[in-house]
Amino acid sequence: MRYLFPLVIFAGLATLFVFGLQNDPRYVPSPLINKAAPEFILPTLHKPDQNININDLKGKVSIINVWASWCAACRIEHPLLNNYTRKHQLNLYGLNYKDKRSDALQWLENLGNPYIESAYDEIGTVGIDYGVYGVPETFILDKKGTIRYKHIGPIDDKQFNRIIMPLITKLEQEQHP
Amino acid sequence: MKILPAILLFIYSLLSNFAYANDEPVIFENKNLEERYYFLIEEIRCLVCQNQSLADSNAPLAQDLRNEIFKMIQANKSNIEIMEFLVERYGDFILYRPPLKKNTWLLWFGPFLFLVIGFFVAVFVIKKQSRESQENK
Amino acid sequence: MIVELGNISLIAALAMAIMQCVFPILGAAKGNQTWMSLARPTARLQFLFVLIAFMILVYSFLVNDFSIAYVANNSNTLLPWFYRFSAVWGAHEGSLLLWVLILNIWTIAVTFFSRHLPEHFLSRVIGVMGLVSIGFLLFMLFTSNPFERLFPVPVDGADLNPLLQDIGLIIHPPILYMGYVGFSVAFSFAIAALLAGNLDITWARWSRPWTLLAWIFLTLGIALGSWWAYYELGWGGWWFWDPVENASFMPWLIGTALIHSLAATDKRGIFKNWTILLAICAFALSLLGTFLVRSGVLTSVHAFATDPTRGIFILALLVIFIGSSLVLYAMRAPSTKTTGSFEILSRETFLLFNSILLLVAMLTVLLGTIYPLIIEALNLGKLSVGAPYFNAVFIPVMTPLVIFLGFGVLSKWKQNNFIKFLRKMRALLISSVLIGVCIGAVFYAENQLKSIAGIVAALWISFTSLYSLFIKIKDKKDKIIAFKVIPYSFYGMLIAHIGFAVSITGITITSQHSVDIHQRMKVNDKIEFADYKFHLKDLEILSGPNYQATEAVVDVIKKDQLITTLRSQKRIYTVRNMPMTEAGIDAGFTRDIYISLGEPLDDGAWSIRLYHKPFVRWIWLGAILMAIGGLLAIIDRRYRLHKLVKKASSNNNEAVLTTK
């Protein structure tokens, strides 16, 4: 019987690897889920003398999309964001991450601006607070300003329709005393 | 379609590698602080890269995090506080030395367990074959 | 046109592999002579077809045929021809073709050097190797065909990753694969023995030279990889416990256990089942390594562009090969009879501990490598297990092995006089510790405990090994003859163990006492570091065939004497727009001086890193010694087998293979 031991161990390993194949090893789940969105006050992208305060977003369900003009994947995601904001009522804000202001503005001009406004995180300190590591990233905040979902990488239609839009709908129905 | 994000992230990392990284040498006032810095940047993973530490990586995020660590050391934060800061934002994944928690007991005690089991197996086998040869005599 | 030929060759190779597998194995089972005799010719034909396919791919790279997707993705017209050649195995599909080619090289080697093997045994061995080849050829043809076309044909290629544009790529993968794939021979011998249904000891004897050869290649392959990373990556690291590195280290650990266990089975008829299991395990770990690199389950700096479909295929191969081997093992192992017994303090005991401790070491590395997967699968979060973990855990695990090594080398087969033995050991142990402590305390002011531990370990291994030589000649009158009479395999063991000690020394001292600084320098600046003066003489702009570079020229001065001039470059490879550092290294027996140009800072200065790495070369020197030791052991066996076969034919008797 003990001769079956190696086979059993091997079977366990193989099962583990089957599981492993279904996961993306580079996906890092965010520890910020269900925590208050980290506070920040940043200048806006379009008007440097005006500020965006994360607290301003409270009271509504909002989406923060981290993007940059140097980011190739953002370029792929962007037209989809334009679509979504056309079709739905979304409070979409941008976090322009480690970019050159002029490049960012030009980029939005060329590709369209789906954002209510973008915050300009020139050095990336706010990005660090949000655990940004791979642009684009998207955060969904509820009315209380708690992060309820983080998506890493460009969003596609399937994820938007299956996960993001339903979540937003659900969050909008939440009442907070 | 997991391949596309992977490829795109890869392209991203290539692009970000091109910009000349800001490689200003960090200067510490005393050797202790310097040692702590070099210790910490080996312990933290660069999340943008395919398995490199902050010490080894050229990525902009790695630079930013090295800067943060530098600033925190200067601000008299302890190693534990610095690591907590990073784990709060990026999760346990960012530490190369997995913290000893319930979900890492097997990891940290495993090798020792293997050793002990190994010894017992060896002793068992030696005794058994010795017994068997006695019986055969 | 010629590309289609490549495809056809692969299919033809597959056809040969199928015949190579089916006929000999069935032939051996049924005693059909004709079928068994097909083994050699089909194997040789398969090799020919795979070689043709490989040569066609090489040719395509050399002539820049960008209609082939693989060539377009990994080459460029600006790429120098020797890198175009090695780019053949620079990425997934081509390296797979190399894998299959090397498998076939081992197979035809077996067909040539197997006159002494009984036909039915050889048939099974060749058959099993054919089966492995079938698996990998199918994998290539279905998911990773190197000959896939690209339309429209691009004008130029995407260039080889600059990190790979180096002599390291030319030699490291082929040699490493010779090792990895070489364990398929030991595996095939083990399966053939299981299939035959009786595990007498001869399969162990036949298997030894092949296993040793694979082990030698793996040792050198790993050392080459480490050395390559050291000078290529630009920051002086030589081992990172990256999953793919671990994937090559695990088969090495088990391979080491295997060569020692084979010796015990060959000489004393013991541990038969265990040795078979080790052979299966070694090859399983080779396959696992292939899986880890190409499936994308783990993040690694070495990972090829990953694809879960490929991962599934390799996993299926793994399950089929190893699963069925282990089932066969479970069926046949219970009926094995052991023919030897041993006392507690005998060489057999220490060899048993050797096997178990190396297994523990391998399990430790495996645990750390796959633990992130386990945690994720159980939904317990996501964590990293990196170098700090492995460094903390691996050394305590290896320590018992080092201790037992010393005892094992001086123990006798079957039994030992307890008191005499321990007395000898005590003297050697005390001298190792004393001398180790002295050296450690005198030469090193910091990290003393760890340095001393490593030095004592190295001394312990060396003293016990040398003493075992001393014992053999001390009572002989004619020392010269005494030396000559000692078989090569003994010298092999001696040199290999000392090589291990040399590596331990290098690893210990360089880990504990390497120093480096990171400074900004302008032309004509001078820095003092590690008892040397570094003078930045010049920053030159230059260009290579496919890159632009800035080169720092640095004079290294000690005690007012110019030791050497080091050059380090920061290159931008134009096609991929990728920066790379070429380090400047002054290699020495007792230390390396290593400079690495960083980035341009404002005001014309550049950041630069300077390293002093004591005894780092000993790490790889030790590996070379281990390889030489293995080689001596092989020469011995073959020489003696040769002599015995000659004796048999001259005496017209059945070859009596005596144990030695």
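**Entry 1: chain B against chain A**

I started where chain B meets chain A, and found 20 residues of chain B in contact with 20 residues of chain A. Two residues are in contact here if their C-beta atoms, placed from the backbone, lie within 7 Å. On the side of chain B that touches chain A, helix H1 (3-18), helix H3 (60-74) and helix H4 (79-90) of chain B each supply at least two residues. H1(B) gives the largest share of that side, seven residues. Helices (H or I, at least four residues) and strands (E, at least two) are DSSP runs, numbered from the N terminus.

I then sorted this side of chain B by class and got 14 nonpolar, one polar and five charged residues. For the classes, Ala, Val, Leu, Ile, Met, Phe, Trp, Tyr, Cys and Pro count as nonpolar, Asp, Glu, Lys and Arg as charged, and the others, Gly among them, as polar.

**A note on what I am looking at**

This is a predicted model, in which local features need pLDDT of at least 70 and side-chain atom pairs count only at pLDDT 80 or more, while totals for chains, interfaces and linings use all residues. Residues are numbered from 1 along each chain as its sequence is written, and chains are lettered from A and ligands numbered from 1 in the order in which they are written.

**Entry 2: chain B against chain C**

Next I turned to the other partner: 38 residues of chain B are in contact with 50 residues of chain C. On the side of chain B that touches chain C, two or more residues come from each of H1 and helix H5 (105-136) of chain B. Which element gives the largest share of this side? I found that H5(B) does, with 13 residues. By class, the side of chain B that touches chain C holds 19 nonpolar, eleven polar and eight charged residues.

**Entry 3: chain A as a whole**

I counted five helices and seven strands in chain A. Read from the N terminus, their order is α-β-β-β-α-β-α-β-α-β-β-α. The radius of gyration of chain A is 20 Å, well over the 16 Å that the globule rule gives for 177 residues, so chain A is more spread out than a compact globule. That radius is taken over C-alpha atoms, and the globule rule is 2.2 Å times the number of residues to the power 0.38. I also noted that the C-alpha trace of chain A spans about 75 × 40 × 30 Å along its principal axes.

Buried residues make up 40% of the 177 residues in chain A. A residue is buried if 20 or more other C-beta atoms lie within 10 Å of its own, exposed if 12 or fewer, and partly exposed in between, with C-beta atoms placed from the backbone. Of the contacts in chain A between residues at least 6 apart in sequence, 74% join residues at least 24 apart.

Most residues other than glycine have a negative phi, and most peptide bonds are trans. I went looking for exceptions.

- A:Val135 and A:Pro136 are joined by a cis peptide bond, with omega about 0°; A:Pro136 sits in the loop between helix H4 (125-129) and strand E6 (137-141) of chain A.
- C:Asp603 is not a glycine, yet its phi is positive, about 55°. Its loop runs between strand E8 (591-600) and strand E9 (606-614) of chain C. Is C:Asp603 buried or exposed? It counts as exposed, because it has 7 C-beta neighbours inside 10 Å.
- C:Phe615 has a positive phi too, near 60°, and lies in the loop between E9 and helix H19 (617-651) of chain C. C:Phe615 is buried, because 21 other C-beta atoms lie within 10 Å.

**Entry 4: two helices of chain C**

I finished with a helix pair: helix H14 (residues 387-410) and helix H16 (residues 448-474) of chain C pack at an angle of about 5°, with their axes 8 Å apart. Axes are lines fitted to C-alpha atoms, for helices over the stretch in contact, and angles run from 0 to 180 degrees between N-to-C directions. H14(C) and H16(C) are therefore roughly parallel, a term for angles under 35 degrees. Among the residues that meet are C:Val402 and C:Leu405 in H14(C), and C:Ala457 and C:Trp460 in H16(C). This contact has eight nonpolar, four polar and no charged residues.

Terms used
Parallel < 35°, antiparallel > 145°, perpendicular 65-115°, else oblique.
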